[in-house]
Amino acid sequence: MEFQVTPQRQAYLAARGRIILNACPGSGKTTCIVHKLASLLAECLQLYGRHAGVACLYFTNVAKQEIISKYKKLYGMDLDYPHLVSTIDSFFNQYITLPFYNLLNKDFKRPKIVDENSVIDNAFKIYYRKNGILNEGIIYPLNTFKNRQGRALYRSYPPSTIWVDVNGKFSFEGKTPDSATVDPTVFQEYGSAVLTAKMRKGLITSLDSAFIALHLVNKHERIGQWLAKRFPYLIVDEAQDNSEIQHAIFDKLISLGLANIEMIGDPYQSLYEWRDAKPQLFLQKYSDATWIGLPLSQNRRSVQRIIDCFSIVRHPNDEAITTIDVHDLGIPVFVYKYDASNPALIVRHFEEKCAEHNFTKNHIVVRGHGLRNKMLGNTSDVNPWKTMYPSRLLRIRHHFESNEVKDAVNELRRFIIELQNPLLDYTAFQDLYKNLKDDYTFNGRLYAFLYTIPGTALSFEQWTADAITALWTSFGIDATTTFLFKRKIVGQKMTLLKQQSVNVFFNKPASNQYNIPITTIHQVKGATLDAILYFFDEDSTGQSVSFKDFKQSTGFPTEKQRMIYVACSRPKQLLALAFPEKVSDKDIQKKFGSDVRIENLKQTS
């Protein structure tokens with residue numbers, strides 16, 4: 001489709017300086033960025049020379065690859081030196097933390113950036129014998145910090161859970177421990193000791209790296225001055241998910257001479273508060289007179305009735321989102337009422353509607369894995385094996401069956417390398433993984449193996465035997481010891497359980513007839529779909545999202561409201577919502593209007 005330059009798009013294309021672009025779902029922001037890049041690259045060359053470039057920063061590698069692909073498709077060339085397309089974490093690592101790490105302290109090793117909790121925690125473990133029994137502990141001085149009851153802090157707050165904020169204050173995954181349990185001063189000392197230990201060990205997280213990068217540009221301003229000259233244009237996509245530290249780094253670069261920066265995003269699509277995202281800071285900049293705040297409020301993805309539905313959670317003073325250039329097939333918003341007996345009927349009805357309109361990009365979405373497992377008939381947490389390798393192999397098969405081939409191959413690669421090299425340390429494993437990722441022969445063997453993973457209609461006993469045989473035949477791996485059954489499970493008789501079909505407990509995460517993936521909201525963020533079916537939870541306890549969360553925001557939407565907003569803004573034509581049977585038709589029509597199609601599907605005997 002030809003790129004249409006609307007007044008909103010023209011305002012963005014022409015803008016220079018400090019730009020905040022608030023782009024609604026389906027606004028085509030990536031397409032806008034790609035079209036603007038051509039003029040930015042020419043300006044950069046003219047004003048700053050051939051060694052300065054435009055840096056486009058993204059949160060994920062998937063988003064990074066999308067802009068690279070779209071740019072090449074439009075202009076027929078790669079976006080290469082002196083320009084850069086990178087993740088935000090990699091940008092800070094590559095241009096600040098790693099090259100200037102030596103300015104911190106000569107005693108520290110050049111670090112590896114590690115975001116796997118188990119690797120961080122295992123790096124500090126020690127083992128010792130006491131009274132003939134092997135015990136697990138942690139290195140000095142981390143073992144010296146205790147809570148008010150005398151219990152070692154690392155037991156409740158492992159090193160991987162210790163975060164540091166923009167002011168150098170430590171927390172437990174962004175939360176402050178209860179002062180009645182932990183002395184705040186002791187916890188801060190423990191956090192400082194953890195960060196120091198990680199730096200001395202040479203293993204830091206991306207969050208640590210961002211904090212270190214901020215420290216470096218504050219203390220050594222020439223780093224920021226150089227970086228502002230190296231990349232006089234910065235484009236930061238999904239900027240609603242920037243942390244406070246990341247905002248502080250960009251603010252510092254501006255103070256040191258960065259002339260052009262664009263922060264692009266939608267604060268209502270921020271789902272990474274668990275990673276210290278601060279969408280409110282995006283909104284502050286949007287209303288700041290020193291920034292140019294611009295909207296993209298025209299949706300080129302969804303029909304208006306879907307937009308009106310997800311707009312319910314927006315603040316009443318927000319600019320309205322309107323559909324543009326979307327052909328409306330006239331499909332109503334479907335609302336299903338579910339109970340213990342009819343989720344399969346609901347899924348089947350949804351599948352039929354998708355098939356009726358030849359929709360191919362369809363998803364069934366739930367908030368978390370508990371409801372998904374209930375929908376699929378997996379109401380048990382039974383794992384009959386001593387290790388997690390068999391269930392991991394089942395997950396790989398599930399990905400493959402759901403046409404998620406890339407995910408299947410990537411997980412299988414890690415799975416096979418671990419089984420073949422059980423004694424590799426983290427660094428050696430990462431190096432091997434990186435090398436084999438580009439080994440086409442090895443990747444071909446992985447792909448071929450996907451077809452040989454045993455089916456889940458087999459009994460646990462037969463599936464296990466066949467899986468062991470398949471691993472030996474394809475890779476020469478003897479997996480006998482890693483596929484051993486547990487001796488006992490509470491509430492189960494092992495001799496009987498081994499004869500049960502695997503699919504009683506481990507169904508594939510996809511619908512049966514049309515192979516529609518059943519996923520979580522995080523997995524569809526950023527996707528454009530034809531249709532989506534969203535199952536809501538029974539209530540709003542804990543992290544569950546229920547009917548009562550689907551309401552208008554009086555302030556900034558809660559995380560649960562943003563979950564609803566993200567999920568319901570994915571489809572182009574068909575939005576289906578499933579609520580518990582206890583939600584009345586009257587309440588549904590009051591919330592969504594009388595035009596929604598309420599389906600009460602019942603299981604017949």
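In which strand does H363 have its place? H363 belongs to strand β16, which covers residues 362–366, where strands (E, at least two residues) and helices (H or I, at least four) are DSSP runs numbered from the N terminus. The structure is a predicted model, in which local features need pLDDT of at least 70 and side-chain atom pairs count only at pLDDT 80 or more, while totals for chains, interfaces and linings use all residues. Residues are numbered from 1 along each chain as its sequence is written, and side-chain values use heavy atoms, with hydrogens and water left out.

With a relative accessible area of 17%, H363 is buried, a term that means under 20% relative accessible area, as against over 50% for exposed and in between for partly exposed (1.4 Å probe, protein chains only). Not counting residues up to four places away in sequence, H363 touches F350, I516, P517, T519, V524, L529, A531, I532 and L533, a contact being heavy atoms within 4.5 Å.

Helix α19 runs over residues 460–475, and its 16 residues should span 22 Å at 1.5 Å a residue, which agrees with the 22 Å between its end C-alpha atoms; the expected span is 1.5 Å times one less than the number of residues. The buried residues of α19 are F460, W463, T464, A467, I468, A470, L471 and F475. Seen down the axis of α19, these residues fall within an arc of 165 degrees, so they line one face of the helix, the arc being that of the directions from the helix axis to the C-beta atoms. An α-helix has 3.6 residues a turn, so residues three or four places apart point the same way. On the face turned away from the buried side, α19 carries the exposed residues W472 and T473. The cover over the buried residues of α19 includes α15 (389–401), α16 (405–420), α18 (440–450) and α20 (494–497). Just after α19, G476 takes a positive phi of about 65 degrees.

Helix α15 has 13 residues and reaches 18 Å from its first C-alpha to its last, close to the 18 Å expected at 1.5 Å a residue. Of those 13 residues, 11 are buried, and α15 is thus described as mostly covered; among the buried ones are R392, R397, H398 and H399. The cover over the buried residues of α15 includes α16, α18 and α19.

**Aromatic pairs and charges over rings**

A search of the whole structure finds 36 aromatic pairs, where rings of Phe, Tyr and Trp (its six-membered ring) pair if their centres lie within 6.5 Å, and planes under 30 degrees apart count as stacked, over 60 as edge-to-face and the rest as tilted.

| Pair | Centre to centre | Angle of planes | Class |
|---|---|---|---|
| Y389 and F415 | 5.6 Å | 70 degrees | edge-to-face |
| F400 and Y447 | 6.3 Å | 90 degrees | edge-to-face |

Because Y389 lies in helix α15 and F415 in helix α16, their pair ties together parts that are 26 residues apart in sequence; Y389 and F415 are both buried. F400 lies in α15 and Y447 in α18, so that pair ties together parts that are 47 residues apart in sequence. F400 counts as buried at 16% relative accessibility, whereas Y447 is partly exposed at 36%. Leaving aside neighbours within four places in sequence, Y447 is in contact with F400 and V405.

R414 lies over the face of Y433, at 5.0 Å from the ring centre, and the charged end of K591 sits over the ring of F547, 4.7 Å from its centre; the criterion is NZ of Lys or CZ of Arg within 6 Å of the ring centre and within 35 degrees of the ring normal.

**Nonpolar cores**

The largest nonpolar core has 62 residues, and those with the most contacts inside it include F91, F92 and F250; such a core is a set of buried Ala, Val, Leu, Ile, Met, Phe, Trp, Tyr and Cys residues joined through side-chain atoms within 4.5 Å. Apart from that core lies another, of 39 residues, among them W385, I417, F475 and V502. Ring pairs also link F91, F92, Y95, F100, W226, F231 and F250 into a cluster.

**Backbone details**

The peptide bond from Y81 to P82 is cis, with omega near 10 degrees, and P82 is found in the loop between α3 (61–75) and β3 (84–87). N131 has a positive phi near 55 degrees and is exposed, with a relative accessible area of 74%.
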